[in-house]
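Me: Please take a close look at one helix here. Then take me through what surrounds it, in short sentences.

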Amino acid sequence: MSSMFSRRPRRTNVPRLKPRRESVAQVDRVDLAELTPELLPYLGQAAYVQLALFETLSRAVNVAPTAASKVAVSRVAALALAKHHGLAAEIKRLGHEPGPAMAPFAARIDEYARVTLGADWYEMLVTAYLTAGLLGDFQRQLASGLNADARARIIPLLSGDDGHALLIDELRSAIDANPRLASRLGMWGRRLVGDTLLIARSSLANVSHTRRDEDRLEPAFTELISAHTRRMDALGLTA
């Protein structure tokens, strides 16, 4: 699986939500639960995202500046791996193997990993914190559209401890020690939004790129961005 980071970031244009138009008010807002894919592809993509997050955090452990930081980030990595194992168990419950179930999503997520590059340990942690948060929110909303039996197991699994408080502590300590980091990490956090929303949107079922579908999706994605902004605020960064 491709590394989620490399040492030299590639700049890309970040999609931005269109200004609200008067005509949008006449379009019904879509509930993301209405666009949930079938259970197996849902689980395959969610499991691969958690596995990629684990790989990211494992890499961050390797380059952490102190032993204490290695311990903190390794705890977060273990939580991501536990969620991956839980989702893999759900795939096996359906009578399938996790590898083949995740395979259709590997290239797309690996490409996402390639373009969400981080230049150093600080950007690695920002990416792990912000993208896992945004995709976690999204996957929980999609899980609301699964059948009741699966929903009752998967939502609690995805809602479990993510260890993000540990990442916040690490990043805030780093910023306090070097306030000049704040500007760079704030820009990096803003840079991540577009690519993360694109990978989220790619998993929706029965959605076209028509103006009507884009308008219906806009409020739901605006809520995801609002939660992203709150995560930036928790770091003392400007979204």
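Reply: H2 has 27 residues. From its first C-alpha to its last it reaches 39 Å, close to the 39 Å expected at 1.5 Å a residue. That expected span is 1.5 Å times one less than the number of residues. Helices are DSSP runs of H or I with at least four residues, strands are runs of E with at least two, and both are numbered from the N terminus.

This is a predicted model: local features need pLDDT of at least 70, side-chain atom pairs count only at pLDDT 80 or more, and totals for chains, interfaces and linings use all residues. Residues are numbered from 1 along each chain as its sequence is written, and side-chain values use heavy atoms, with hydrogens and water left out.

Just after H2 comes glycine 95, with a positive phi of about 90°.

A pocket is an open set of points on a 1 Å grid over the protein atoms alone, where a 1.4 Å probe fits and protein lies on both sides within 12 Å along at least five of seven lines. Lining residues have an atom within 4 Å of a point.

The lining has 17 residues. Nearest the centre are Lys83, Ala132, Arg140, Asp162 and His164. H4 gives the largest share, six residues. By class, six are nonpolar, five polar and six charged. Asp, Glu, Lys and Arg count as charged; Ala, Val, Leu, Ile, Met, Phe, Trp, Tyr, Cys and Pro as nonpolar; the others, Gly among them, as polar.

Now for another helix. Arginine 108 lies in H3 (98–115). Arginine 108 is partly exposed because its relative accessible area is 34%, between the cut-offs of under 20% for buried and over 50% for exposed (1.4 Å probe, protein chains only). Arginine 108 touches Gln45, Ile199 and Ser202, leaving out residues up to four places away in sequence. Contact means heavy atoms within 4.5 Å. Isoleucine 199 is 91 residues away along the chain, yet the two C-alpha atoms are 7.7 Å apart.

Finally, the whole chain. The protein chain has eight helices and zero strands. Of its 239 residues, 49% are buried. Among contacts with a separation of 6 or more, 84% join residues 24 or more positions apart.
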